[in-house]
Amino acid sequence: NSPYPFNDPYLSKQWHYYNDGSLKSSRYGADINVVPAWKNYKTGNPEIIISVVDDGIDFRHEDLIDNMWNNPSQSFGDFKYGYNFVKKSYEIVPGSHGTHVAGIISAVNNNSKGVSGIAGGDAAKGIPGVKLMSCQIFQGEEGADGANAIKWGADHGAVISQNSWGYI
């Protein structure tokens, strides 16, 4: 009997959500204990927009596309998911870290695919997750001004700005 409310195949490996100590080298309780929140509260809300200030989100990813934000002033093609501050354009170039953190935030839950997101909704119940806005400040070896990206996100409706930048 699974402690998880969703059918995503890799959810049981996401020990940071709920850690029962059964995974090798894991410690019971070393997690964010999101399962009770999923079971007793909302699993997501599409009125909440989260800007991911990082490298680009892979907006075509099957576990993310349904929870991507759409810029109402850029409604055509692939140029509607955020802004690329490196190239000063609406063309988002997918990156691994931006896509990874976007999945933690809002991968679609309960769709029998991949992983679960903290606020990814519940596909089986028709509940959408929070919306992901890509504010790209890293592309390859190039970088851009993070402060402008944070402001742009807020000016375009983001109420949370995710910034987990790493430097080598």
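Is Arg-60 buried or exposed? I looked this up and found that Arg-60 is exposed, with a relative accessible area of 56%. The terms rest on a probe of 1.4 Å and the protein chains only: buried is under 20% relative accessible area, exposed is over 50%, and partly exposed is in between.

**Basis of the entries**

I worked with a predicted model, in which local features need pLDDT of at least 70 and side-chain atom pairs count only at pLDDT 80 or more, while totals for chains, interfaces and linings use all residues. Residues are numbered from 1 along each chain as its sequence is written, and side-chain values use heavy atoms, with hydrogens and water left out.

**Salt bridges**

I looked for salt bridges, each defined as a side-chain nitrogen of Lys or Arg within 4 Å of a carboxyl oxygen of Asp or Glu. The count by this rule is three.

I noted that Arg-60 forms one of them with Asp-78, at 2.0 Å from N to O. This pair links distant parts of the chain, 18 residues apart, and both residues are in the loop between β1 (49-55) and β2 (82-84). Helices (H or I, at least four residues) and strands (E, at least two) are DSSP runs numbered from the N terminus. Asp-78 is partly exposed, at 29% relative accessible area.

I then recorded the salt bridge of Lys-87 and Glu-142, at 3.1 Å from N to O. Here, too, distant parts of the chain are linked: Lys-87 is in the loop between β2 and α2 (96-106), Glu-142 is in strand β6 (residues 142-143), and 55 residues separate them. Lys-87 counts as partly exposed at 43% relative accessibility, and Glu-142 counts as partly exposed at 42%.

Lastly, I examined Asp-155 and Lys-151, whose closest N and O atoms are 2.6 Å apart in a salt bridge. Both residues lie in helix α3, four residues apart, which is about one turn of the helix. Asp-155 is exposed at 51% relative accessible area, and Lys-151 is exposed at 51%.

**Val-159**

I found Val-159 in the loop between α3 (146-155) and β7 (160-162). Val-159 counts as exposed because its relative accessibility is 61%. With Ile-48 and Ile-160, Val-159 makes a nonpolar surface patch of about 250 Å². I also noted that Val-159 and Ser-51 are 108 residues apart in sequence, yet 7.9 Å apart in space from C-alpha to C-alpha.

For patches, I used residues with over 30% relative accessible area and no salt bridge, joining like charges within 9 Å and nonpolar side chains (Val, Leu, Ile, Met, Phe, Trp, Tyr) within 5 Å. Accessible areas come from the Shrake-Rupley method with a 1.4 Å probe, and for residues only the protein chains shown count as cover.

**Backbone angles**

Most residues other than glycine have a negative phi.

- Lys-88 has a positive phi of about 55° although it is not a glycine. Lys-88 is in the loop between β2 and α2, and counts as exposed at 65% relative accessibility.
- Asn-110 has a positive phi of about 60° and is not a glycine either. Asn-110 is in the loop between α2 and β3 (121-122), and counts as buried at 13% relative accessibility.
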